[in-house]
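Biologist: Hello! Could you walk me through this model?
Modeller: Happy to, let's look at it together.

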Amino acid sequence: MMEVWDLALGILCVLLSAFVFYYSGTFPKFISGDKELPGPSFFPRFVAIFILGFGLFLIVNSGLSLIKKREKIRFLDNLDKKMLLKFIAVLSTGFVVEPVLSLLGAVPGLTAISVFLMRVFRVKWIQSLIYSLALAVFIYWIFRGVFKLPLPEGKLILLFRG
Amino acid sequence: MSYFFEILSPDVIFPLFLAMTFGIFVGAMPGLTATMAVALIIPLTYYMKPIAGLAMVIGVSFTAIFAGDIPATFLRIPGTPASGAATLDGFEMCKKGKAQLALTLDLFCSAIGGIIGVLILIMIAPPLAKAALSFTNFEYFWLGIFGLSMAAVLSRGNTVKGLLSALFGLLISTIGIDVSTGYPRFTFGIMDLMDGVSFIPAMIGLFGISEVLKKLSLGEKMELPSVKVDTRLKVWEALRTMFKYKFIILRSALIGTFIGALPGSGADIAAWVSYGVEKNMARDEIGTGSPRGVIAPTSANNAAIGGSWIPALSLGLPGDSITAIVLGAMLMYGLKPGPLIFTESKELVYQLFAVAVLVQILLLPAGWIGIRVFSYLVSLRMGVVMAAVVLFSIIGSYALRNSYFDVGLMMFFGLLGYAMERINMPIAPMVLALILGRMIEDNLRVGLIKTDGSYLPFFTRPISLALFIFIVLSLAGPYIFSFVRELKKKASD
């Protein structure tokens, strides 16, 4: 199975280096007097050459190994739908955090996100509520109270305060 | 000595105490790593004075590495990767009813190993930094490459993937405004990327979120077995045992410091190597619940932390992922790690040394508390701990610049870190490359400008040539050795 992933990684490397070469072509040249000096595209291209080399090595190496084993190329054999949903749930918190915190404020917002996460991790409702509230208050105390780091106030809280 | 008293102020001691408590919690919780602890604590240090912030980092790293030995002894599950080697004999001692002795040895040897590592750091770093003052762009370019190649060779996974991980890191480090021309590279019009990829959210994602995703993929195996913990320490018996094995402590601490000082290695490799050395010397004894098998890795892993600070402070070259994050934090505080730090921020460096010694002393009471609260820690549901890690990651990434973009970035790196681990691609080289990328690029470009585009001086100056040869040997060495071994085998057949 690892050879399949290596093959995919190799293809990704080739595509990535091709993209770097193409995109860095739009960068301006760095000319001083009549000399052309190593400009903004120099180092990305320098790195891309090595990525291309290793990518090709991985393709040849894993390709040969796959041919020897005569394995079918199946990338998503072990994909568990439940696990995928949980992954999406965890990663989505990074994107819902802005509307939730700016609407509810730090403590209620963090409590809500935490309850959601704990439910994803299969913690019971009551436990997740208690732990989440304690965790949110603790985080607020540490960041805002002890270390004086700014956290969002929340539109609803501000509305209540008038 | 005056530096020692300077750090005994509440604005350093209180954060240090908090960090050590946090280190105990993270270290003793299987699945959470010392690197993750450091990455999560950095955002808290943003508005603090640098010595207080660095004290927190030092405190959390030493305590987490020790605390990892607690579940290793009781549950046969290393709390952090650095405790992997201590698991073998520690758990065997636990089965024989000697868990308290094993943990007391762990605690004392961690503190002694840590002190030896720190003392070597104090002795070696200043003269090394002085020598490095004569380095030019050519040497610095190769030093950066040396750091990355060592990281690739020493990391888990294979060397090719390690090198690729470093190359990806270098490529990511080019994102943002090019210093020479002011042209934005690979920013795609996103203003938040103009200053480059924010390092701390990237680290939090790579070490925090990726760990949560890894735990999720384990599914039902997330809960820990319940355990009854006898927390009485066997001080006198441990002291007697340590006196008997005093040379093993010294040898392991020296090995640990040396390996820690190699860029890209770390406490886990140091622990395994010193364990291997003892196993070679006493094959029948080690692995059967011998105190020797506990003393060696625990002395080495804490000594390695001191060792990893040697290249970090004197050359600006991270010894492991933890010091890579520390170097990122130093840049965040406006400090310049490398030889100049010993002249520009001399006082801070010596305060740092004093903090490192103080942490070893405080490790004894902190470690004892850690052992006592361990049974409560393992009774926590892993789901609660994981949710806490995600929340800390979110707020930590946000609080640095009040930026939700950084939260998204952190999640992206979390997914990337998980994917890399799935395909056996080590994360450490990428982390080092993110830190060293700018240094490598600047020195390569300036070097080429100085030589009118000629690469020759990169290979002809004595130190540059020596570093280049060393890099080639370290990369090709294992293949050459196995080739020669095969040839010999064929010849003998």
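Modeller: First, a definition we will need: a residue is buried if 20 or more other C-beta atoms lie within 10 Å of its own. Please keep in mind that this is a predicted model.

Biologist: Thanks! What percentage of the residues in chain A are buried?
Modeller: Chain A has 162 residues. Applying that cut-off of 20 or more neighbouring C-beta atoms, the buried share of chain A comes to 28%.

Biologist: And what is the radius of gyration of chain A?
Modeller: Chain A holds 6 helices and 2 strands, in the order α-β-β-α-α-α-α-α from the N terminus. For 162 residues the globule rule gives 15 Å, and chain A is well over that, so it is more spread out than a compact globule. Its C-alpha trace spans about 60 × 60 × 25 Å along the principal axes. The radius of gyration of chain A is 25 Å.

Biologist: Now the partner: which helix gives the most to the side of chain B that touches chain A?
Modeller: In this contact, 47 residues of chain B meet 50 residues of chain A. Helices supplying at least two residues each on the chain B side include α9, α10, α19 and α20. The biggest contribution, 11 residues, is from α18(B).

Biologist: How many residues of that side of chain B are nonpolar?
Modeller: Sorting the side of chain B that touches chain A by class gives 9 polar and 5 charged residues. The nonpolar residues there number 33.

Biologist: Last one: how far apart are the C-alpha centres of domain 1 and domain 2 of chain B?
Modeller: Domain 1 of chain B covers 2-146 + 198-401, and domain 2 covers 461-493. Their contact takes 6 residues from domain 1 and 7 residues from domain 2. The C-alpha centres of these two domains of chain B are separated by 33 Å.

Methods: Residues are numbered from 1 along each chain as its sequence is written. Chains are lettered from A and ligands numbered from 1 in the order in which they are written. This is a predicted model: local features need pLDDT of at least 70, side-chain atom pairs count only at pLDDT 80 or more; totals for chains, interfaces and linings use all residues. Domain bounds come from an automatic or database domain assignment. Two residues are in contact if their C-beta atoms, placed from the backbone, lie within 7 Å. Helices (H or I, at least four residues) and strands (E, at least two) are DSSP runs, numbered from the N terminus. Ala, Val, Leu, Ile, Met, Phe, Trp, Tyr, Cys and Pro count as nonpolar, Asp, Glu, Lys and Arg as charged, and the others, Gly among them, as polar. The radius of gyration is taken over C-alpha atoms; the globule rule is 2.2 Å times the number of residues to the power 0.38. A residue is buried if 20 or more other C-beta atoms lie within 10 Å of its own, exposed if 12 or fewer, and partly exposed in between; C-beta atoms are placed from the backbone.
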